[in-house]
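Trainee: I have a new model open and would like to go through it with you. Please start wherever you like.

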Amino acid sequence: MSETWIRGGKVLLGERFEKRDLVVTDTSVYSPDKGAEPSSSADVIDASGLYVGPAFVDLHTHSRTPGKDGSETPESLAHAAVMGGYCSVVAMANTDPPIDNVTVWEQTKKRFEQLPVEVIQAASVTLGRKGERLVDMVSLKENGAVFFSDDGDVISSARVMKRALEYSKELNVLVAEHAQDAELAFGAVMNEGEISHLLGVQGVGEEAETIVVARDLELNRVVGGNLHLMHLSAAGSLDLLRYARSKGISFSSEVTPHHLLISDDELATFDTNYKVNPPLRSTKTRNRLKEALREGLFDVVATDHAPHAKHLKEQSIKEAPFGIIGLQSAFTATFTALMEDIDLDGEKESYRERALASIFQMMAIHPRKILSRFTSAETISNSYVVVDPGPETSQKESDLVSLSKNSPYIGRNLSGQVASLIIKGKVLLKDGELYKEGGFS
Amino acid sequence: MNGDNTSKSKVMEDFLSISGLTKKDLVGLVDEATNYQKRFRKGERCFDELRSHSVVSLFYENSTRTRMSFERATKLLGGEFAYFDIASSSVAKGESLRDTAIVLEALGFSAVVVRHYSEGVPQQVARWLEIPVLNAGDGCHEHPSQAVGDLVTLAERFGSLEALKGMKVAFVGDVAHSRVARSVSLALSMFGATSIFVGPPEMIPAVTSVEIARNLDEVVADVDIAYMLRVQQERLLVRETLDVSSYIRRFQLNDLRARRMKKEAVIMHPGPMNVGVEVDSTVSKAIDLLAPAQVRNGVFARMSILSRLLGGAQGV
């Protein structure tokens, strides 16, 4: 039995932190009695001055397995997840071949079984991710698939999307949409605006997202299925979410750390590590997204971790693929974004705690809640992460453990650090470093 | 010289975009080009600023004029010029852009002239290489050497660069996809000229900072310079909604419209012209008169740029 004592940390209880010790085992978690001491076999983590909460769960990761192991392997993916404080990630289906049938889904799932973190394998919504015919959702669900997405591409046909939502209701599974009109986005490399005009680069406006968000919400008003809107990036989407919420339309929504932290003006140097889809938006929109996050309009912060091998990103801005890695930096990037424009001297401390609490809601509690509606996953209980809000560190490429290094944060100062990670009572990460090889040996 | 490139630790810099230059940089380049022009007219053919230097062109897109112009400029300055042409994208060969660029530096060239169908490639190459990188046109972004050449032509025509102050310049046609329009417009604005973009919505970027006209008639009588852009029919007809006859009716600079222009106004075109589309045959003849000077000045501009980057430095 694994047993870890987390001592002296501020532990998340509801929406607030309280100083207390925590004992985490593979089957339980509790506060030890006063005066109790850890057994000789237990690991002890000193969390004094640090914050403790449930380990993070990412609803949006690209594993690149199968077919693209030059960009990421299951092991490098798990390593990045552990460094980022994640116990569980959902792997997207835009692989080669795509995960569009039971056989491929099961084979791929097996590839992740021995990892120290849990990988929940998604299936695509349509065959070959072509947006035309639905996959056999019934058989996939019977075998355990609960997360369906054509992510990387929108489901262009409203008819197909409506049908998918109907099945999501009947089978109790989640359909996650990459909301972006394909016609408007055709050929686009970045956000459309002053920057794209200055650079002569073809852009795509925010309306490409909002029209699909509007369509999907309206479809789900009628259907009442399980709709998840991924990586929202448009100011117009926010108004639609507010409207949908006021009308009781069911949906969940996510925002990525990079859309909160960086803007489209970074593209001015033509650095392909800023090429991502949906694109980085204007600073104005970015600030709206942060306000919406504080307002509680988004359910989750998800990474859209999208590794690409170096030779692929070292192409022109036109040819380089979309995507940036994000698992390892998700907490620090989100925390930096939330703290960025706060300079209230006296209230900074309490604001900081509120920001940390809301990050735990977005990155740990809400994603669990969403998944628990569809699956009784085991790993994601009894897993805790310890974060240190203190240090501001310059991000180095050499610190990135993902096989791909396409991070937009290299050379940038980010606040906070994931200190320790305990999964089912077992320490994987301690003081920012893998503990006993983190279960990778 | 170029602000795009702060991280680079080398003595010589790059020539990447007009937006990365200051007015002072441009004045220096135009003065030097004018100087070369004068010496050339006096019969001088031997300049030796680039002696012992070898410049290589890395062109991912076809070009006759620009490459020949850079070659001629290099050779007039006493340097060698080599080609590294890539007919198709290197992605197909599994080689990254960076790999290709690094080979050129390893081969010992003093500078690389880059043209690419994608925006920003010269900037990327400049980040990867120590040797100076010159932008010979990147996608729809910029064509800065063309802008310097045009400034030489305009300074000659109007007497000085200062004369451009307060002038109105119409860029007519596919401004959104024109690297020439972007560079020339940026360059002219540094000297106090105002741009007007003239064309249908398919061709005009949705910028708020520049005046936009939807019919050439609205502005033709007021402008000092009409910069006519080539209509790339193949580009527009595939995906957009443009009707060519309606385009001609609204935006072609024809004899009738040209007669309404100010007496001293200049009509320019980066060439090659699409006679019968953006201009009619009468106007094309007027442009033809200026074209040889534009081409010659392009060479002097490139001599000026190359000698700024490499002159005085030890070649390899």
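Predicted model: local features only at pLDDT ≥ 70, side-chain atom pairs only at ≥ 80, totals over all residues.

**Domains, chains and backbone**

Trainee: How many salt bridges are there between domain 1 of chain B and domain 2 of chain B?
Mentor: The count there is 2 salt bridges, a salt bridge being a side-chain nitrogen of Lys or Arg within 4 Å of a carboxyl oxygen of Asp or Glu. In one of the salt bridges, the side chains of E61(B) and R179(B) meet at 2.9 Å, N to O.

Trainee: OK, back to chain B. Into which domains is chain B divided?
Mentor: Domain 1 covers 23-142 + 297-310, and domain 2 covers 145-291; the bounds come from an automatic or database domain assignment. Their centres, taken over C-alpha atoms, are separated by 26 Å. The contact (heavy atoms within 4.5 Å) takes 26 residues from domain 1 of chain B and 23 residues from domain 2 of chain B.

Trainee: What area is buried between domain 1 of chain B and domain 2 of chain B?
Mentor: About 1900 Å², with carbon and sulfur atoms giving 60% of that area. Buried area here is the accessible area (1.4 Å probe) that two parts lose on being put together, summed over both.

Trainee: Which element gives the largest share of the side of domain 1 of chain B that touches domain 2 of chain B?
Mentor: That is α1(B), with 9 residues. Helices (H or I, at least four residues) and strands (E, at least two) are DSSP runs, numbered from the N terminus.

Trainee: Switching to the two chains. How many residues of chain A are in contact with chain B?
Mentor: 19 residues of chain A are in contact with 27 residues of chain B. The area buried between the chains is about 1900 Å², of which carbon and sulfur atoms give 50%. H197(A), F270(A) and E314(A) supply 29% of the area that chain A buries against chain B, more than any other three residues.

Trainee: Which residue of chain B does E314(A) meet in a salt bridge?
Mentor: The partner of E314(A) is R98(B), at 3.0 Å, N to O. The count between the two chains is 2 salt bridges, and there are 10 residue pairs in polar contact across that interface. Helix α6 (residues 194-199) of chain A gives 4 residues, the largest share of the side of chain A that touches chain B.

Trainee: Last topic, the backbone. Where is the cis peptide bond in chain A?
Mentor: It joins N277(A) and P278(A), with omega about -5°. P278(A) sits in the loop between α9 (257-261) and α10 (283-295) of chain A. In chain B, the peptide bond from G271(B) to P272(B) is cis, with omega near -10°.

Trainee: What about the phi of R64(A)?
Mentor: R64(A) has a positive phi of about 70° although it is not a glycine. R64(A) lies in the loop between β8 (56-61) and α1 (74-83) of chain A. Most residues other than glycine have a negative phi, and most peptide bonds are trans.

How values were computed: Residues numbered from 1 in each chain as written. Chains lettered and ligands numbered in written order. Heavy atoms only, no water. Polar contact = N/O pair within 3.5 Å; in protein donor to acceptor, adjacent residues only side chain to side chain.
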